[in-house]
Amino acid sequence: MIVVMKSGAAPHEIQGVVDRVNELGFRAHLSVGEERTIIGVIGDERPVNESMFRLMDGVEKVVRILKPFKLASRDFHPQDTVVPIDGVSVGGPRVVLIAGPCAVEDREQLMETAYALKEMGVHILRGGAFKPRTSPYSFQGLGERGLELLAEAKAETGLAIVTEAMAPQQVPLVCEVADIVQVGARNMQNFSLLHAVGEAGKPVLLKRGMMATMEELLMAAEYVLSHGNYRVMLCERGIRTFETYTRNTLDISAVPVLKQFTHLPVFIDPSHATGNWEWVTPLARAAVAAGADGLIIEVHPHPDKALSDGAQSLRLDRFAELVEEVRAVAQAVHRTL
Ligand code: PEP
Ligand code: MN
């Protein structure tokens, strides 16, 4: 439930409610808005009688929240969450671009990509060091060596880094290099990993499982938030449907729906959604038109030679075109790039 304070409620009245929440064995989550303060009651508060709060001084109303997610919910936190990443604000008016190869392959590939992206105004470089591959015989990523190369790319270009951790044990190592830790689609409900990234406290890019509902995605985010890490960004990357012409089906409706239900920033990954570079730019435009806070795009200087996901990777010149097209859409929906 949430306790909505009257506009102009006194600090001691707000504190009174927070104390009552704690006395009852729950956690209070405070959201201080321009108009009024909202106090979220965290825990299984179903047995609690609403009048315990409603009759307190300064309280306007008590609202029971039927959705199972709380910290992730807009009811608990009406303002958009803005996550600062190395000087760029994710979740604000600006649409944030993340781009880079599916996997870090070698220094030359990574540096060529990083310098080109920097030139195009990208702020965040992606690149997998630990790769969750469907086949054990496919390239599994360079592991720690991949992280070293990402650190080098960051040092040389100043780009922020997002890279995936596949297991809780990898989280400390990944956090040494990454500005954002990615939790991949296949790990969306790996609860020990969610626990680990929650405790680590680094910003998290949480990708929607390919067979997960939006509610399951929000509950996965709730795990990270409930471990004290509020810097969570969600990513829709395509879900499984009966369609076979695309690798997955991009659920564009996830953008407005998630934006309504949660305050967390929402990214779209049109690369994994389509599996084909030719459809990446049209869907990137659609994502920004629908209100996405950012895009994560796979690019490769030589997609024909890529060790993973070459078919969906944009060449650098084609990515430059995407940036200009997306910029025009961003302006049309009163955002910047
Ligand atoms: C990735 O972004 O590198 C990736 C593996 O994506 P997903 O987890 O969405 O399949
Ligand atoms: Mn990939």
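In this predicted model, helix α7 is followed by G228, a residue whose phi is positive, near 95°. The helix belongs to a chain whose secondary structure comprises 11 helices and 14 strands. With a radius of gyration of 21 Å, close to the 20 Å that the globule rule gives for 337 residues, the chain is as compact as a globular protein of that length.

**Helix α7**

- Helix α7 covers residues 214–226, a run of 13 residues.
- From its first C-alpha to its last, α7 reaches 18 Å, which is close to the 18 Å expected at 1.5 Å a residue.
- The buried residues of α7 are M214, L217, L218, A220, A221, E222, V224 and L225.

**Overall dimensions and packing**

- The C-alpha trace of the chain spans about 65 × 45 × 45 Å along its principal axes.
- Buried residues make up 55% of the 337 residues in the chain.
- Among contacts in the chain with a separation of 6 or more, 69% are accounted for by residues 24 or more positions apart.

**Surface and charge**

- The accessible surface of the chain amounts to about 14,400 Å², and carbon and sulfur atoms contribute 53% of that area.
- The chain carries 34 positive and 42 negative side chains.
- The centres of the positive and negative sets lie 3 Å apart.

Notes: Residues numbered from 1 in each chain as written. Chains lettered and ligands numbered in written order. Predicted model: local features only at pLDDT ≥ 70, side-chain atom pairs only at ≥ 80, totals over all residues. Heavy atoms only, no water. Helix = DSSP H or I, 4+ residues; strand = E, 2+ residues; numbered from the N terminus. Rg over C-alpha atoms; globule rule 2.2 N^0.38 Å. Buried < 20%, exposed > 50% of the residue type's maximum accessible area, 1.4 Å probe, protein only. Contact = heavy atoms within 4.5 Å. Areas by Shrake-Rupley, 256 points an atom, 1.4 Å probe, with all protein chains shown as cover. Lys, Arg positive; Asp, Glu negative; His and termini not counted. Charge placed at Lys NZ, Arg CZ, Asp CG, Glu CD. Expected span 1.5 Å × (residues − 1).
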